[in-house]
Amino acid sequence: MFQFAARKHVLWTVAPFGSSPYVWDAFDCVRRWANWILFGLIIDIQCVGVHRQSDDNAQQQQQKQQQQATMLTMIVASVLALLLSIAIWWTVANFGSALRYAGKLGGPRAYPLVGNGLLFINKTPAEFLQLLGRLIVQYGKCLRVWLGTQLIVLVTDPKDIEVLLSSPKYIDKSSEYDFIRPWLGEGLLISSGRKWQTHRKIITPTFHFKILEQFVEIFDQQGHTFVDILRLFAKSGETFDVFPLVTLCALDVICESAMGTKVNAQMNSESDYVKAVKEITNLIQLRIYDFVIRYEFFFRFSANRRRQRKALAILHGYTDSVIRARRQELNEGLAKGKDDHEDSVGMKKRMAFLDMLLQATVDGRPLTDREIREEVDTFMFEGHDTTTSAISFMLLSLAKNPEVQQRAFNEVRNIVGDDRKQPVTMTMLNDMHYMDLVIKETLRLYPSVPLFGRKMLQNTEINGKIFPAGSNVVMLPFFLGRDADLFPNPEKFDPERFSVETSAEKTNPYQYVPFSAGPRNCIGQKFAVAELKSLVSKVLRNYELLPPEEPHEETFIAELILRPEHGVPIRVKPRVY
Ligand code: HEM
């Protein structure tokens, strides 16, 4: 009897899935499944009362034992069935609308629990990005993918992106940002609601162009060190990976701009702070692509958690100590009635972002040390990885396109002159218009932030489609920039496509969003563009950029930033003029 019931369980459990063409998407199928199991459970419970009489004592004893065993098995089976039913009702309660509406968005066939995980299994991070590209071609510019139980909606239609980015309703970040939360806390990149609103308001003035002017000196000095380091490669003429060198330079720039301190990463890449930044970014990459430790529950029990804790102790410890020291200096200066931003001879000192945050108030109160740390760490993260990616790919693009490089160099030479030691000013950077086009074209093909996401808090209708509550909606500038419908001949590196004469008004501004757009756009855009121009112009004034000796295949890893899978190989030789 029990065997029969158990076999029926298996059949009933499988049958509703087998008969459904769109397994995950069929909400009704899950409901049917639950009903069948409940029905099976009732039969199981009824059969507990079935027993037979016998005169033979030994036989009776044996039968009794058998009955007890059967009863026990049935009780266990019933409890399991009950738990399964509860799990199904929980799934329906939590994923009900996701299952119902996700089915209406196109996408590859998904399976219970693993979703589309099997498609991605054994894929390297670079293959993962290529696979997303193929899915977009196959299923269109808005499709859904299940990564395990996480629903992702991929969007590359500028019309959908316009609705998502321009509205203040969709400002909550998707689940991927949780991986970086331990470092950045509730800083501007991740926070939402009123906290984000008030902090965005007080931080916006710190990126005013008048304030940015004072950072140009930092760009110039760190650029000088960078160019010195390249001298070795110019001498040997060998192909080298420029990405790690740019990373260190960008770290130096942002550290001095954000905290007013020098980590000297370019001169000492083995310092604890620099190694901790590297460690934490590696861990973020690991979590994005590992389907087990994506889940906080499993991450907590992995060795990576310890690595993260160790790196965070160094990163937070450093920022905390700088904040404490600067706050003390500020208080002492105020007590002596002296302007803290004057040095001993009364000259105005440069203010770091941190100094401005120390003086800011929210609802009439100063920011706490913790709030300041979160914002400073956010600048440290957003301000070095993104610019590293952009500068590296810009150098590579110039190396591979000598005509563009010559034109960019001519512009720089006309503006700055022939003295290689002449520091570049903000006015000079603002006059580099062709360089603006080169930056735009670089970010079209190599957007530093290849994808960014929003969490849908409720079912949301956008251009006739319903984006289910709880889904992570991911917009992909990487594929927008390579879409031939939006950018004809997309493989060609052609800065002119962004010139006012050819592009203005013809394009939808939401088809080109490397800095995002709308209320949650990149607050550091002007800082980034100035840094890029400063550093790249410095390199061009000293070196001619050449492509790698051996042709190399370009493959990318999309994390929170775009990374090259095999580095960014270039060569340099001294520029003669
Ligand atoms: C080429 C360089 C850069 C690129 C391509 C870039 C791109 C972006 C993008 C796409 C976003 C939106 C992300 C999202 O919606 O999730 C963003 C946000 C942000 N960026 Fe940048 N960024 C760059 C450099 C910088 C720099 C240098 C800083 C700071 C010094 C910075 C600070 C921020 C901050 C704080 C946010 C969050 C803004 C908010 O949510 O209100 N970025 N950036």
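Is Cys522 buried or exposed? Cys522 is buried, because 20 other C-beta atoms lie within 10 Å, where a residue counts as buried if 20 or more other C-beta atoms lie within 10 Å of its own, as exposed if 12 or fewer do, and as partly exposed in between, with C-beta atoms placed from the backbone. This is a predicted model, in which local features need pLDDT of at least 70 and side-chain atom pairs count only at pLDDT 80 or more, whereas totals for chains, interfaces and linings use all residues. Residues are numbered from 1 along each chain as its sequence is written.

**The chain as a whole**

- The protein chain holds 22 helices and 13 strands; helices (H or I, at least four residues) and strands (E, at least two) are DSSP runs, numbered from the N terminus.
- Of its 577 residues, 38% count as buried.
- Among contacts in the protein chain with a separation of 6 or more, 75% come from residues 24 or more positions apart, a contact meaning that the C-beta atoms of two residues, placed from the backbone, lie within 7 Å.

- The unreviewed UniProt entry places the feature "binding site" at Cys522; UniProt positions are given in the numbering used here, feature names are shortened, and annotations may be inferred rather than shown by experiment.
- Cys522 sits in the loop between helix H21 (500-503) and helix H22 (525-542), and, leaving aside neighbours within four places in sequence, Cys522 is in contact with Phe515 and Ser516.
- There are 24 residues around the ligand, of which Gly383, Thr386, Cys522, Gly524 and Ala528 come nearest; a residue is near a molecule or strand if its C-beta atom, placed from the backbone, lies within 6 Å of it.
- Helix H16 (369-400) and H22 each supply at least two residues of this shell, and H16 gives the most to it, with seven residues.
- By class, the shell around the ligand has 13 nonpolar, seven polar and four charged residues, where Ala, Val, Leu, Ile, Met, Phe, Trp, Tyr, Cys and Pro count as nonpolar, Asp, Glu, Lys and Arg as charged, and the others, Gly among them, as polar.

**The four-stranded sheet**

- Four strands form an open sheet with mixed pairing, in the order S1-S2-S9-S6, two strands being paired if DSSP finds at least two bridges between them.
- The edge strands of this sheet are strand S1 (142-147) and strand S6 (452-455), each of which pairs on one side only.
- Neighbouring strands of this sheet are turned by 25° against each other on average, direction ignored; axes are lines fitted to C-alpha atoms, for helices over the stretch in contact, and angles run from 0 to 180 degrees between N-to-C directions.
- Helix H5 (residues 125-139) packs on the sheet, where H5 touches S1 and S2 and has a direction at about 135° to that of S1.
- S1 and S2 run antiparallel and are joined by six bridges, with Val153 in S2 as the bridge partner of Arg144.
- The hairpin of S1 and S2 has two residues between the strands, and in this hairpin Gly148 takes a positive phi near 60°.
- S1 is mostly covered, since five of its six residues are buried.
- Strand S2 (residues 150-155) runs parallel to strand S9 (residues 472-475), the two being joined by four bridges, and Met475 in S9 is the bridge partner of Val155.

**The three-stranded sheet**

- A further open sheet has three strands in the order S3-S13-S10, with antiparallel pairing, and its edge strands are strand S3 (240-241) and strand S10 (543-546), each pairing on one side only.
- S10 and strand S13 (residues 569-574) pair over four bridges in the antiparallel sense, and Lys573 in S13 is the bridge partner of Glu544.
- H16 lies across S10 and S13 and runs at about 80° to S10.

**The annotated segment and helix H3**

- The unreviewed UniProt entry has the annotation "transmembrane region" over residues 71-92; this stretch is 100% helix and 0% strand, and its end C-alpha atoms are 31 Å apart.
- Phe95 lies in helix H3 (residues 57-102) and counts as buried because it has 20 C-beta neighbours inside 10 Å.
- The C-alpha atoms of Phe95 and Pro468 are separated by 9.1 Å, although these residues are 373 residues apart along the chain.
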